[in-house]
Amino acid sequence: MEKNNDLLIVENLTTTFNTERGKLKAVDGVSFNVKNGEILGIVGESGCGKSVTSQSIMRLYDEKKFAEFKGKILFKGESLFDIPLPKMRNYRGEKISMIFQDALSALNPVFTIGEQIREPLWIHHRMKKDAAKERAIELLTLVGIPDPSKRIDQYPHELSGGMRQRVMIAIALACSPELLIADEPTTALDVTIQAQIMDLIVELNKKLNMGVILITHDLAVVAETCNRVVVMYLGQIVEEATVTEIFDNPMHPYTKGLLQSIPRISDEKQERLFMIPGTVPLLSNVPHGCRFAERCKYAEEACRQNNQDLESCGGAGHKVRCWKAIKGIN
Amino acid sequence: MLKYLFKRILATIPVLFIVSIVIFSIVYIIPGDPAAVILGENASQEDIQALRTRMGLDEPPIPRYFNWLDNILHGDLGASTANGTPVATMIANQIKPTLNLATFAMLLALIIALPLGMWAAYKKGTWIDQAVTVISLLGISLPSFLLGLFLIMIGAVKLRWFPVSGYVPFSEGIGAHFNALFMPAFALGFIHAALIMRITRATLLEVLNTDYIRMAKSKGVHNFVLVAKHAFKNTLVPVITIIGQSFIIALSGSTVIEAVFGIPGVGSLIVNSVSRRDYQVIQSVVLLTALLNITVNLIVDLLYGVIDPRIRLDR
Amino acid sequence: MNNMKQRTLTEADLRRMVEIRNRLTKEQRSLQLHKFLRNRQAMVGLVIFLIVLFAAIFGPSLCKESPVALNVLNRLKPPSKEHWFGTDTLGRDVYTRVIYGARISMIVGVSVGAISGILGLIIGIYSSYNKYADEILMRICDGLKAIPSILLAITLMTALGADIKNVIISLTVVNTPTMGRLARSAALVVKEQTYIEAMRGIGAKSRRILWRHIAPNIMSPLLVQMTFVFATSIITEAALSFLGAGVPAPQPSWGSILSEGRTVIFTSQWMIIFPGAITAMTVLGLNLFGDGLRDLLDPLSS
């Protein structure tokens, strides 16, 4: 059965924020699943709700005043929204952990690296200082940091950017989570370091058989690492498919646009890089009908009138939110 | 570190120089003959001349300044113009109540301000946050001596829980000591509680919005630990800055509070010296306070490096 | 590129630039002013302050009695119809004395705020412009700031003698260094702004730049600070008078009324409650107003 293989199921997730300018729906009816040992890519421009989705899974937002969740998140069959908030701590860092975009701001500047790696070990396993130190060294070795026994006594600002990212991965892996959420883990890094970090994540995913959600704005990164990919636009999923399907047979105009804007070295002529015209509309002003219509060169009146649901189309598991693509017009 | 310390101490020399000149020149801004002013209207010409000689007013100011500075650098603060007692002895005799009062005031301020400021930031926008904002506004607007008077009316006159005035040395009983010191310390410390509360709340609000706090949360850190450990240490730099300043202001502000509560400290010494126009004493106390102020600032700067490893002191 | 720009800019262009800039600022100001008027705390503060100011200006001429009129038969009478705030140890009307005291507080507060503001402006502008002036003036400011304000005020008062004029002088000396530092840092920021550079490019006189263009642009933080100096001056004057080093008797300062009240605290608490409450309200009003003013004029610093 396929169902048993699912590590995480997100069903119809809606996240609403109460802001000074009223309620903003940052994520609107998002559904996807992550299988054991799979790397799922979530792709989209900044502000499309991909980070909000990931932080909603961990329930990191202040639910008393700031954020409201609707829908369902099942982690190994257990509904995360139904457990009391204090219990959520048992999941964070233990079963689900997270890598942030910018390691320099995500690591606490006033504590040593060792202290920050030991912390989840103490919280979740009550590991004593010596044992935790040993484990920390082991983890630093695992993420490829040379001379770990010296590094653990250093502060974040004493390391290079790539090192810091590795440290953050080590912290996330400390308790051997079953699901790792990597939120743009390489955006803040140099290109060569980016490749190293992505390789590390793929390698760890295979070695430890953990599910990974890789959030990125870069389809090229997805091509190299993921099994399946979800494309988000303005709080909604517009297309979902396996990586090969997305690259061979992209259906949604937005996905096509994203693909066209990847620079290709193999191109013989130096073509101008494609850019999707316009900008992402504000969340406070979501257009009626198809949310991408304003920037879509295929859009017509019907697109602006009617809401299209995400529908299966084409190859196995390929879904798209565009009636023209479904009917095969474009 | 040592090099930094040395550089910092070197940098205080011009400031100390200015301070010493300001304090030294005080005698020269007295309208008329200082000796005549000190001795009052009924003094004889001989007495005035004797005092002028004793104070060195017949010498030109510049050599007199260096002479004065030289004496101070050798630890000689001179003698009281009023009764000839060495100023150092007078200060030593009365420093204890002042130090105890200021320290107690600061402890009270910290005990009130840190938890409340942090709580307010953590519960931003709730009634507790508003209450803290109101308290800190009141604290800033209520002059300490006025708060002292109100406290006497309530705590000593109405409730009779505390003595209306006076000081009980530590050696005569811990309970009595703190009982006598509580109201003055509260009056002196309240404004500092307000200031520290404000800065703690504002800084913590900023820190709570950082990525490393979200990261810590994603590790499963308990909310209390999140604030008390991860956020707290990061709020300390601005907070200890204001604690350092507050301590000096409390120490000098005890002049007024000692007058309200009849505490025989350095403040009373100053007030008595004011009415006796005993410039030697006033100059010495002010100079020592400025020196202490500069030292406290230096210590605060050194603490930055201890708290935040990013601040490198050896550069 | 930069040079070209500077050469082609004429005085008229610049004037227009400044004009547009001023108009934008004015529009922004009027928006903020609306916000300020809706800021309830700031309005409450302003009203309290205006009431006290009104009492200080017109109150004395409305009072029937003299603040120094002795009436020994009437000593230490509790509040009544004739004496709203009661009478003091010498039978003087406390209400009248508090009203006259308001006059002293306001004179001290306004004078110290204004004079230290102006001196601070001059110090700040010159030290932002001249390296040597900066070095000397800032050292002096640091030196004065190293002495805690109440001690510096007491010391100066002892030398100059108890008198309202000397209170103003002392408190101005105490508050000017902070003002100077503030004005200097604000002026340094303004100086870096491009249009000042551009003016220098077309050869505007430096004195003109300093006073016509830098000075108006650093007034906002100074005005905000002046309200706070106003408030602290009222407190310090009261404290000095409380210690007997401020306004001399028998002139009625809030501090000296409270000092007298301290001696009869067991029996005649009206001598503390009324003047005390009014002192606190005045300072609170100024602080509320100052906070609102800061949000209005200097939104970045809050």
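C:Phe85 is buried, with a relative accessible area of 12% (buried means under 20% relative accessible area, exposed over 50% and partly exposed in between, with a 1.4 Å probe and protein chains only). This is a predicted model, in which local features need pLDDT of at least 70 and side-chain atom pairs count only at pLDDT 80 or more, while totals for chains, interfaces and linings use all residues. Residues are numbered from 1 along each chain as its sequence is written, chains are lettered from A in the order in which they are written, and side-chain values use heavy atoms, without hydrogens and water.

**Aromatic pairs**

- Over all chains the count is 24 aromatic pairs, where rings of Phe, Tyr and Trp (its six-membered ring) pair if their centres lie within 6.5 Å, and planes under 30 degrees apart count as stacked, over 60 as edge-to-face and the rest as tilted.
- A:Phe75 and A:Tyr91 form an edge-to-face pair, 6.0 Å centre to centre with 85° between the planes.
- A:Phe75 lies in strand E4 (residues 67-75) of chain A and A:Tyr91 in the loop between helix H2 (85-88) and strand E6 (96-99), so the pair ties together parts that are 16 residues apart in sequence; helices (H or I, at least four residues) and strands (E, at least two) are DSSP runs, numbered from the N terminus.
- Both A:Phe75 and A:Tyr91 are buried.
- The ring centres of C:Phe85 and C:Tyr95 are 5.2 Å apart and their planes stand at 85°, so this pair is edge-to-face.
- C:Tyr95 is partly exposed, at a relative accessible area of 24%.
- One aromatic cluster is formed by B:Phe17, B:Phe24, B:Tyr28, B:Tyr65, B:Phe66 and B:Trp68.

**Charges over rings**

- A:Lys95 lies over the face of A:Tyr91, 5.0 Å from the ring centre (NZ of Lys or CZ of Arg within 6 Å of the ring centre and within 35 degrees of the ring normal).
- A:Arg126 lies over the face of A:Trp122, at 4.5 Å from the ring centre.

**Interface of chain B and chain C**

- The contact (heavy atoms within 4.5 Å) takes 44 residues from chain B and 41 residues from chain C.
- About 3700 Å² is buried between chain B and chain C, 81% of it from carbon and sulfur atoms; buried area is the accessible area (1.4 Å probe) that two parts lose on being put together, summed over both.
- The count between these chains is 1 salt bridge, meaning a side-chain nitrogen of Lys or Arg within 4 Å of a carboxyl oxygen of Asp or Glu.
- B:Arg198 and C:Asp291 meet in a salt bridge through their side chains (3.3 Å, N to O).
- On the side of chain B that touches chain C, the largest share, 8 residues, comes from H10(B).
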